[in-house]
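Thanks, everyone, for making the time.

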Amino acid sequence: MTSDFYEEEGMKIFPSDSPGWELFFSMHVLSDPGHHICRRKWCLEKDNQIPVNIRQIKKLKELTNSWLFLIDSPFWHEFRSLEILELLEVLRKKNIYQWNTMIHYTGKQMCIEERDVIINTIETYYYQSYRGEERLLNFYLKKMIDNELKAIQTNGIWRWCKKVHPRLIVEKEELIYRKNHEYRISKKEIQKIFLSVSTFLDPHLWFYRYGNELEIVMGISVERREEIISEDTVAIFKALGDSTRLKIIRLLISGIDTTKDISSQLGVSEACVSKHLNLLYSVGFVDKTRNGLYIRYHFKLEKVDFIPYILCETLLR
């Protein structure tokens with residue numbers, strides 16, 4: 001829901017508690033708990049409380065874009081202000097064509113059965129677990145949003161933005177958001193800012209633009225920080241920390257894509273190449289497809305763009 005707005009420099013700033021956003025991001029965290037160590041204790045509690053539902057949430061991770069399929073969609077602004085039960089009702093009423101239009105940006109399509117499984121999984125999670133936390137959580141979030149709005153009214157929106165996250169840079173004329181790429185937004189183009197906070201977002205930053213509207217979600221810590229580095233992060237940098245694997249990546253990018261050809265180029269055994277490729281595949285850097293007698297490997301070049309982002313999230317938060 002969105003309460004009264006605050007106006008500054010011709011912009012309307014809406015303190016916005018979005019129950020649906022927090023629900024979906026909590027499922028995102030549950031689908032990949034190793035990457036969200038700031039909610040480690042909470043994830044362990046849910047594993048013990050609703051193990052069957054948690055397994056289903058993890059199983060549907062790929063199909064649902066890690067459960068961000070709605071809140072990362074170009075249609076999210078239509079759902080932002082809905083209460084959870086209202087949101088679930090709207091999702092149930094949408095036909096499969098409308099669903100596939102909504103998730104078109106992911107490059108995936110769903111069938112009716114997959115859509116129904118997703119809705120049932122959300123509802124099961126909500127009624128079995130999340131609903132019990134919702135009332136207390138909403139009260140806490142509203143209090144935190146009020147505190148942030150007071151800070152904005154005292155210091156101004158752009159000074160507030162400077163403290164939101166190290167990857168959000170505020171310059172005189174622009175906002176710069178750094179993720180896999182650098183995104184620049186002219187301040188003059190922004191007419192509305194929706195401000196939210198989340199207990200699940202930390203250490204990440206949520207920065208969503210739709211036309212002249214901007215949604216900024218600030219992560220707040222609710223668990224004591226532990227000096228733990230995500231196992232996924234460690235595995236990624238281990239995968240890159242080997243000269244042979246880096247040479248294999250070069251060859252894959254150049255179009256050499258079988259163990260036989262790679263081993264010939266490097267002068268090592270096919271078994272050795274397979275071992276390295278399997279490690280790269282395990283951390284998501286490589287895809288593989290069978291072509292007759294051969295398995296062909298493809299390096300996912302877009303993953304390179306995310307390496308500085310992963311490093312930044314690990315070191316600066």
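Helix α11 has 13 residues, which at 1.5 Å a residue should span 18 Å, and because its end C-alpha atoms are 18 Å apart in the model, the expectation and the coordinates agree. Please keep in mind throughout that this is a predicted model.

Which residues of α11 are buried? They are V273, H276, L277 and L280, and because they cover an arc of only 100 degrees around the axis, they sit on the same side of α11. For those new to helices, an α-helix has 3.6 residues a turn, so residues three or four places apart point the same way. The face of α11 turned away from that buried side carries A271, K275 and S282, which are exposed. As for what the buried residues of α11 pack against, the partners are α8, α9, α10, β9 and β10. Just after the helix comes G284, with a positive phi of about 90 degrees.

One of those partners, α9, can be read in a similar manner. Helix α9 runs over residues 243-254, and its 12 residues reach 17 Å from the first C-alpha to the last, close to the 16 Å expected. Here the buried residues are R245, I248, I249, L251 and L252, and they lie on the same side of α9 because their arc around the axis is only 165 degrees. On the other side of α9 we find R250 and S254, both exposed. The buried residues of α9 pack against α8, α10, α11, β9 and β10. At the start of this helix, a side-chain oxygen of D242 comes to within 2.9 Å of the backbone nitrogen of T244, while after its end G255 follows, with a positive phi near 110 degrees.

Let me turn now to the aromatic rings. How many aromatic pairs does a search of the whole structure find? It finds 14, and among them is the pair of F24 and F69, which is edge-to-face, with 5.6 Å centre to centre and 90 degrees between the planes. This pair links distant parts of the chain, since F24 belongs to helix α1 and F69 to the loop between α3 and α4, 45 residues apart. Both F24 and F69 are buried, and together with W67 and W99 they form one aromatic cluster.

Finally, there are charged side chains placed over rings: R80 lies over the face of F194, at 4.0 Å from the ring centre, and K288 lies over the face of Y281, at 4.5 Å from the ring centre.

How values were computed:
Residues numbered from 1 in each chain as written. Predicted model: local features only at pLDDT ≥ 70, side-chain atom pairs only at ≥ 80, totals over all residues. Heavy atoms only, no water. Helix = DSSP H or I, 4+ residues; strand = E, 2+ residues; numbered from the N terminus. Expected span 1.5 Å × (residues − 1). Buried < 20%, exposed > 50% of the residue type's maximum accessible area, 1.4 Å probe, protein only. Arc of directions from axis to C-beta. Contact = heavy atoms within 4.5 Å. Polar contact = N/O pair within 3.5 Å; in protein donor to acceptor, adjacent residues only side chain to side chain. Phe/Tyr/Trp six-rings, centres within 6.5 Å; stacked < 30°, edge-to-face > 60°. Lys NZ or Arg CZ within 6 Å of the ring centre and 35° of its normal.
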